[in-house]
Amino acid sequence: MEGLKVSDANLVVYIHPSKAGKVSQSILRELSTLLFKYNEIFDGVVLAYDVTIQNKNAKVLPGIYPCFGVKLKAKMLLFSPKPDMLLEGKVVKLGKESLHVIVLGFSSASIAEEDIREEFRYRIKHGEEVFASTSHKRHVIKVGSMIQFLVKSFDEEILHISGSLIPVNTGSTKWLHKNMEEGSMVDRLETRKKKRKDDRSEMHEHSTELLDDVGFSLKNEGRPKKSKRQRHAEQS
Amino acid sequence: MGVELATERPGFYEMADIDVSDSELVYHVRDALKSVSQGDSDRYNQLIAVMHYTGRLAPDEVAMLVTSLKALSGSISYIDIIHHESLLSSIFGMSMWNYGPDVMDALVELIISLAASNGKFVDSCLDMLVRNFMPPKSYLDLLGHPRGLARKHEVLDRVHSALSHIADLVPLAPMRLTPIILQRMPHMFDKEALIVIYVESMLLLESSALGELVGSTMLMALVDRLIDLDVEISWDDIIHEDSGKGIFDMELEDVDDIIDHAEIDGFEHPRGTAGSQILGTNAVADKLDSLMVLICEHLKSCADGERLTKVFETLLQSFWVTVLNAYKSKFSQFVMFYACSLDPEHCGERFAVFLADIFVCRTHPALTRMSAVAYLASYLSRGKFLPLSLIASTLKRLVDWCLEYCHVQNGEEKTINLEAHRVFYSGCQAIMYVLCFRMRSMMDSHRLKSQLLHMPLEPIFCHQLDPLKVCLPSIVEEFLRQAKAAHLFTVSETFLFNNLLESDLSKAFGGMERLDMFFPFDPCLLKKCDRFIRPSFVYWSMVKTTYDDGEDCSSEEDINEYFDGNGKSYMESGITRSLDEHDLDLDEFEYQLNKMSITPRNSLKNGLIFKLENPFRMPARIRPSTSPESL
């Protein structure tokens with residue numbers, strides 16, 4: 001998934017003198033106020049940080065409360081989705097007009113109907129609302145599925161992403177991963193499956209015909225296979 | 001374009017046919033929205049007009065409104081925050097209380113979709129839902145009727161489920177919700193019904209799934225509001241009837257001050273007590289009462305749901321930040337009392353330990369420590385649910401602290417600076433107060449009796465700092481009396497109380513705030529929430545003292561009075577009964593003899609003239625002379 005990065009940062013945290021006895025605790029407290037908010041300087045939403053104190057000496061700021069500044073080196077995990085990035089998220093709501101997704105458990109994303117490609121049609125299958133692909137039978141998006149989508153825009157205040165399922169490499173991640181592994185094999189498999197299905201229905205037809213005509217033993221069913229193969233040979 | 005009569009109203013859907021499908025409606029609405037930016041606002045304005053349907057709606061108007069809302073839900077991505085500002089403000093201005101369930105459902109669906117679709121709408125959607133916690137002002141009276149109540153359930157169910165849906169779709173929504181709720185909280189001076197219904201929703205949120213995230217803020221805001229109301233109740237509003245009813249001696253001190261209140265400006269005086277006193281009709285008190293009832297009920301449900309321990313931590317935090325340092329909170333602290341009574345093992349003990357910790361910790365300001373120990377003393381005395389072992393161990397802590405304090409003093413001072421030792425004096429007074437209530441029970445238990453007898457009380461009370469002279473005389477007297485009866489320690493009979501000087505002395509350590517006379521858990525005067533407190537509360541009249549061998553022996557000079565239900569003093573019977581006892585302790589007998597005599601040997605009020613209607617009843621008005629000549 002794109003959009004996540006680790007940055008190194010040099011920070012200075014100013015601590016109130018009353019906390020001089022518990023410096024680490026107050027540093028962590030101070031840094032925790034950054035979490036899950038978009039920070040312009042880091043250009044991203046701070047998700048996690050790993051802090052090391054650089055120097056045991058700290059400079060005291062003169063003033064009414066002589067706060068002292070502790071220098072730190074931190075590794076920050078940042079989330080900064082930019083347009084045209086691919087993100088993964090879990091579908092939480094599915095409707096005819098829109099799809100709602102949650103990314104990394106905290107960021108909400110919505111995909112409007114016009115941003116879902118033609119391939120996907122809204123259907124109700126087994127009482128459940130889904131977006132089913134018309135060209136690939138197994139490719140289905142429903143509530144709870146993980147999908148990969150393209151970022152259109154990102155609202156930094158509420159951390160809301162507007163997404164799109166137009167590009168071909170977007171959709172249900174499960175299907176996409178499988179699809180990418182097998183490559184062109186898929187087409188062959190698909191047609192073969194289709195054939196087998198047709199065969200089976202033909203076989204059924206044939207056997208019933210025979211039974212109707214003659215109406216007895218299983219042996220007769222065995223024979224049609226042979227003739228079917230022949231028939232196929234004739235057809236192809 | 002008026003929307004007066006259904007027939008005359010220009011229909012938004014010009015066609016009257018019913019066969020219009022949902023998707024066609026959606027396209028219709030989308031066109032209307034799109035055409036605004038192109039300059040054509042006719043259909044858009046018609047749409048807005050539908051949103052403004054008011055009053056009793058005819059069925060076809062309802063249908064129109066529902067279909068419009070549903071069509072809008074389907075056209076969310078076409079709604080632009082700038083071009084469609086008036087439509088949005090109409091939607092957000094709608095009050096669910098005005099409509100039936102169908103419209104409510106459609107409206108809620110729209111709001112949830114709006115919030116999930118675009119980050120810009122989240123705040124307005126949450127704001128709209130929070131505003132729906134309360135009905136329109138005109139509706140308030142209807143709330144008492146069954147129809148109004150049914151509507152209330154319909155609305156609040158939907159509002160709260162909408163909030164939880166939005167939180168599911170937009171995980172950061174609760175973060176935005178908290179400031180909105182706090183901002184929209186009705187003002188202290190708003191109508192009681194409005195405040196109550198809003199607080200109900202706040203408490204509902206606390207116990208809901210969102211409670212994990214917003215619950216503690218809700219509770220703390222509520223306690224803040226309790227204190228705001230509490231502070232508004234002035235002591236003047238507290239009407240006292242007969243000061244003689246079931247008081248503990250020290251309360252009489254309070255009565256004096258109350259009577260003089262006219263002369264003392266801006267001076268908080270402690271109230272007299274006993275459940276018979278009535279808080280005069282006071283709107284603020286009623287509001288406080290209702291809110292406390294709500295919170296107590298909520299705490300009960302938390303206890304039933306086994307969440308109390310967690311909620312209690314928030315309450316404790318809130319207590320520390322808000323209540324402890326509020327200037328003599330009157331009733332708000334009873335919320336803590338009730339919470340402790342629901343779970344004496346954990347919460348009850350936690351509260352006592354918490355207060356004791358504050359008292360012994362040197363880094364807290366003196367006033368905080370004095371306030372904490374006043375709370376502790378009153379709590380340990382009044383909590384019926386508290387195990388004696390806890391009381392004993394906490395007492396031991398206080399005693400140990402006081403003893404160490406005594407050791408640290410160099411003892412060279414000629415004149416004692418009372419203010420400098422005020423924390424010590426408040427600690428001593430606390431010990432005495434608790435023992436007044438609990439000495440008898442402790443003496444009745446073998447283990448605790450030996451513990452008590454081993455407590456180094458004598459070195460503390462006979463120290464040069466002289467707490468017995470400085471602390472509130474009524475408490476000291478009661479304590480000494482009981483201590484003597486229990487043979488706790490030997491005290492010489494040199495404590496003739498010259499009450500006036502002592503008042504000044506205790507005032508000196510109590511300071512301007514009169515923390516020497518602060519008994520926070522004295523009987524709660526609020527009518528409605530009293531029923532939560534009463535079962536776990538120890539009234540002074542219920543207390544058995546060490547000198548009380550099953551009878552009440554009080555003299556006319558003794559302010560320790562016990563009245564039965566008819567308001568008649570038992571004193572008469574008490575005295576006659578005591579005369580019949582043959583196996584009285586000699587000391588006890590002598591003591592009673594002294595009390596029965598009229599000569600003011602143990603008189604607390606030197607130089608007072610009693611105006612006695614009933615010779616055994618304490619007069620309601622006692623005005624100690626403040627001039628030194630009366631000594």
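## A salt bridge between the chains

In this predicted model, the side chains of A:Lys93 and B:Glu109 meet in a salt bridge, with N and O 3.6 Å apart. The term salt bridge is used here for a side-chain nitrogen of Lys or Arg within 4 Å of a carboxyl oxygen of Asp or Glu. Across the interface of chain A and chain B, the rule finds 3 salt bridges.

Another salt bridge pairs B:Arg30 with A:Glu113, at 3.2 Å from N to O. Since B:Arg30 belongs to helix H1 (residues 22–37) of chain B and A:Glu113 to strand S8 of chain A, the pair joins two chains. Helices (H or I, at least four residues) and strands (E, at least two) are DSSP runs numbered from the N terminus. Are these two partners buried or exposed? B:Arg30 is buried at 8% relative accessible area, while A:Glu113 is partly exposed at 27%. Buried stands for under 20% relative accessible area, exposed for over 50%, and partly exposed for what lies in between (1.4 Å probe, protein chains only).

## The interface of chain A and chain B

The contact (heavy atoms within 4.5 Å) takes 19 residues from chain A and 20 residues from chain B. The size of an interface is often given as the accessible area lost when the parts come together. Here chain A and chain B bury about 1,500 Å² between them, and carbon and sulfur atoms give 57% of that area. Buried area is the accessible area (1.4 Å probe) that two parts lose on being put together, summed over both. Which three residues supply more than any others of the area that chain A buries against chain B? They are A:Lys93, A:Glu97 and A:Ile158, with 33%.

Between the two chains, 5 residue pairs are in polar contact, both residues being at pLDDT 80 or more. A polar contact is a pair of N or O atoms within 3.5 Å; within protein, one must be able to donate a hydrogen and the other to accept it, and residues adjacent in sequence count only if both atoms are side-chain atoms. On the side of chain A that touches chain B, strand S6 (86–94), strand S7 (98–103) and strand S8 (107–116) each supply at least two residues. The largest share, 6 residues, comes from S8(A). By class, that side of chain A has 7 nonpolar, 6 polar and 6 charged residues. Ala, Val, Leu, Ile, Met, Phe, Trp, Tyr, Cys and Pro count as nonpolar, Asp, Glu, Lys and Arg as charged, and the others, Gly among them, as polar.

## Around B:Arg158

B:Arg158 is buried, at 18% relative accessible area. Leaving aside residues up to four places away in sequence, B:Arg158 touches B:Met96, B:Pro101, B:Met104, B:Asp105 and B:Val108. With B:Asp105, the side chain of B:Arg158 makes a polar contact of 2.7 Å.

From B:Arg158 to B:Glu109 there are 49 residues in sequence and 9.9 Å in space, C-alpha to C-alpha. B:Glu109 is the residue that pairs with A:Lys93 in a salt bridge.

## Two domains in chain A

Chain A is divided into domain 1 (4–79) and domain 2 (86–176), with bounds from an automatic or database domain assignment. Their C-alpha centres lie 37 Å apart. Domain 1 gives 6 residues to the contact and domain 2 gives 9 residues.

The two domains bury about 620 Å² between them, with 89% from carbon and sulfur atoms. In domain 1, A:Phe36, A:Tyr38 and A:Phe79 lose the most area to domain 2, together 76% of what that side buries. The side of domain 1 that touches domain 2 has 6 nonpolar, no polar and no charged residues.

## Salt bridges elsewhere

Over all chains, a search of the whole structure finds 28 salt bridges. One of them joins B:Lys300 and B:Asp304 at 3.3 Å, N to O. Both residues lie in helix H12 (residues 283–304) of chain B, 4 residues apart, or about one turn of the helix. B:Lys300 is partly exposed at 36% relative accessible area, whereas B:Asp304 counts as exposed at 54%.

In chain A, a network of salt bridges links A:Lys5, A:Asp43 and A:Lys82.

## Reading the numbers

Residues are numbered from 1 along each chain as its sequence is written, and chains are lettered from A and ligands numbered from 1 in the order in which they are written. In this predicted model, local features need pLDDT of at least 70, side-chain atom pairs count only at pLDDT 80 or more, and totals for chains, interfaces and linings use all residues, while side-chain values use heavy atoms, with hydrogens and water left out.
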